[in-house]
Amino acid sequence: MTRHWISRAEALQRLDVKAQTLYAYVSRRRIAARPDPVDPRRSLYAADDVERIAGRSGGRAIGAPPVSLSGGGLSRGEAALDTEISVVLDGRVYFRNQEASLLAEDMTLEAVAALLWGCDDENPFATLKPRPDVSFPGGPRARALAMLARRADEDAAAHGRVGGALQREAASVLNEMVDAITGGGPRLFLHQRLARVWKVQERDAHLIRRALVLSADHVLDEATLAARVTASTHAPLATCALAALSTLSGPRLGGRFVMAENFVAEVRRDGNPHAVARRRLAEGQGLPGFEDGPDCVDSRAAALIAAADLSGDLKEILLAGEVLTGRPPSFALALALIARHLDLPRETAFAMFAVGRAAGWLAHAMEQITQGTPVRARFRYMGGEPNPVLAPEAQGRTRALEDA
């Protein structure tokens with residue numbers, strides 16, 4: 001069945017909500033969106049999803065003010081949390097009201113982290129000192145997980161801590177995460193330290209810097225929710241980041257980067273991007289990086305790709321996917337293309353995303369801690385009717401108690 005797509009104005013009219021609520025539905029994948037073929041700067045929205053939520057086919061519209069996770073107005077499996085950290089509007093990501101793509105032009109991850117953490121004029125990275133024992137086995141993900149587990153065991157609970165103390169702790173967690181991946185080294189900017197260990201020339205290090213900045217935050221996915229839930233227990237910031245990174249490592253989230261890297265490698269082995277793409281689509285495999293979802297209206301991918309002088313074969317991957325699917329590349333594919341362009345080791349697309357996103361996870365953890373609003377979820381039992389009949393020995397104990 002061919003889907004019918006409607007404009008933003010029509011979607012807002014049918015839902016009777018504010019624009020921010022519509023974007024929240026898209027980011028939580030309750031309403032499908034795609035670029036307008038006439039004007040790619042605008043988005044179109046799936047009419048059937050809008051109708052379902054508006055209540056014309058069994059759903060109902062939720063008002064503009066977000067509600068807590070424990071609130072009765074949420075749909076099954078859905079979470080909504082208040083935040084001032086980031087928002088996605090018309091496919092553009094904003095950090096504290098500033099467009100992420102513009103911040104990535106010249107800002108470091110440290111500067112963007114300070115912005116997300118609300119540091120004002122204080123630099124939480126200023127007093128950091130290198131830690132000597134930063135050597136961990138395995139690849140980038142295993143090293144980062146091991147480092148966060150150690151910090152989670154060492155650090156104090158976040159309860160009662162505020163402002164600068166939390167921000168400096170967050171800076172030390174992010175700093176040690178990069179040290180764990182790189183094995184330590186000179187006190188350079190975070191992107192320079194990654195570039196150094198990955199043997200990237202100085203003139204190309206800006207691509208790693210941009211990738212880190214653009215990765216810092218996006219939608220409320222399961223990993224970010226894990227960070228906030230953990231923070232609501234007053235756990236140390238490292239524990240919040242550990243929960244988020246562990247969640248990201250699952251196939252449904254982190255697997256996107258593996259699939260994108262594998263797709264790029266497959267195309268380069270074959271040498272014919274269009275043939276590989278057609279074969280995959282004919283076999284029902286889909287094209288990694290060109291999936292239907294919120295990433296289809298994500299300006300971060302375009303900004304990162306535009307900053308790189310990709311080789312012809314990598315550009316052909318983009319062309320083949322866009323022609324055959326009608327969708328722009330996702331941010332996961334953009335990171336995979338940058339990794340291949342810079343000839344980086346495997347897992348570096350995931351590593352860049354995880355380091356950048358850690359700044360956002362830490363921001364969400366601190367926001368959750370300082371807000372003090374508990375995050376609660378409720379089980380809704382959907383099984384059969386419970387059987388109240390007690391086992392014989394339990395019945396005997398019950399009668400004895402009644403006789404007493």
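**Figure 1. Packing of helix H8 against helix H9 in the predicted model.** Axes are lines fitted to C-alpha atoms, for helices over the stretch in contact, and the angle between two of them runs from 0 to 180 degrees between N-to-C directions. In this predicted model, helix H8 covers residues 190–197 and helix H9 covers residues 205–215. Their axes lie 9 Å apart, and the two helices pack at an angle of about 125°. H8 is therefore oblique to H9. The crossing of H8 past H9 is right-handed. On the H8 side the contact is formed by His-191, Leu-194 and Ala-195, and on the H9 side by Ala-205, Ile-208, Arg-209 and Leu-212. Sorted by class, the contact of H8 with H9 comprises five nonpolar residues, one polar and one charged.

**Figure 2. Packing of helix H1 against helix H3.** Helix H1 spans residues 8–15, and helix H3 spans residues 47–54. The axes of H1 and H3 come within 9 Å and cross at roughly 20°. Because angles under 35 degrees count as roughly parallel, H1 is roughly parallel to H3. H1 passes H3 with right-handed geometry. From H1, Ala-11, Arg-14 and Leu-15 meet Ala-47, Val-50, Glu-51, Ile-53 and Ala-54 of H3. The contact of H1 with H3 holds six nonpolar residues and two charged ones, with no polar residues.

**Figure 3. Packing of helix H12 against helix H13.** Helix H12 is formed by residues 255–270, and helix H13 by residues 273–282. Their axes come within 8 Å, with a crossing angle of roughly 125°. This angle makes H12 oblique to H13. The passage of H12 by H13 is a right-handed crossing. H12 contributes Phe-263, Glu-266, Val-267 and Asp-270 to the contact, while H13 contributes Pro-273, Val-276, Arg-279 and Arg-280. Four of the residues in the contact of H12 with H13 are nonpolar and four are charged, and no polar residue takes part.

**Figure 4. The second largest cavity and its lining.** Rolling a probe the size of a water molecule over the atoms shows where empty space is left. In this model there are four cavities of 30 Å³ or more. The second largest cavity has a volume of about 80 Å³. Its lining consists of Glu-261, Val-264, Ala-265, Ala-336, Ala-339, Arg-340, Leu-344, Pro-345 and Arg-346. The elements that supply two or more residues to this lining are H12 and helix H16 (331–341). By class, six residues lining the second largest cavity are nonpolar and three are charged, and none is polar.

Conventions:
Residues are numbered from 1 along each chain as its sequence is written. This is a predicted model: local features need pLDDT of at least 70, side-chain atom pairs count only at pLDDT 80 or more; totals for chains, interfaces and linings use all residues. Side-chain values use heavy atoms; hydrogens and water are left out. Helices (H or I, at least four residues) and strands (E, at least two) are DSSP runs, numbered from the N terminus. Angles under 35 degrees count as roughly parallel, over 145 as roughly antiparallel, 65 to 115 as roughly perpendicular and the rest as oblique. A crossing is left-handed if the near helix is turned anticlockwise from the far one by less than a right angle, and right-handed if clockwise. Contact means heavy atoms within 4.5 Å. Ala, Val, Leu, Ile, Met, Phe, Trp, Tyr, Cys and Pro count as nonpolar, Asp, Glu, Lys and Arg as charged, and the others, Gly among them, as polar. On a 1 Å grid over the protein atoms alone, a cavity is a set of points where a 1.4 Å probe fits but cannot get out, and a pocket is an open set with protein on both sides within 12 Å along at least five of seven lines; lining residues have an atom within 4 Å of a point. Grid points are joined across faces, edges and corners, and a volume is the space filled by probe spheres set on the points.
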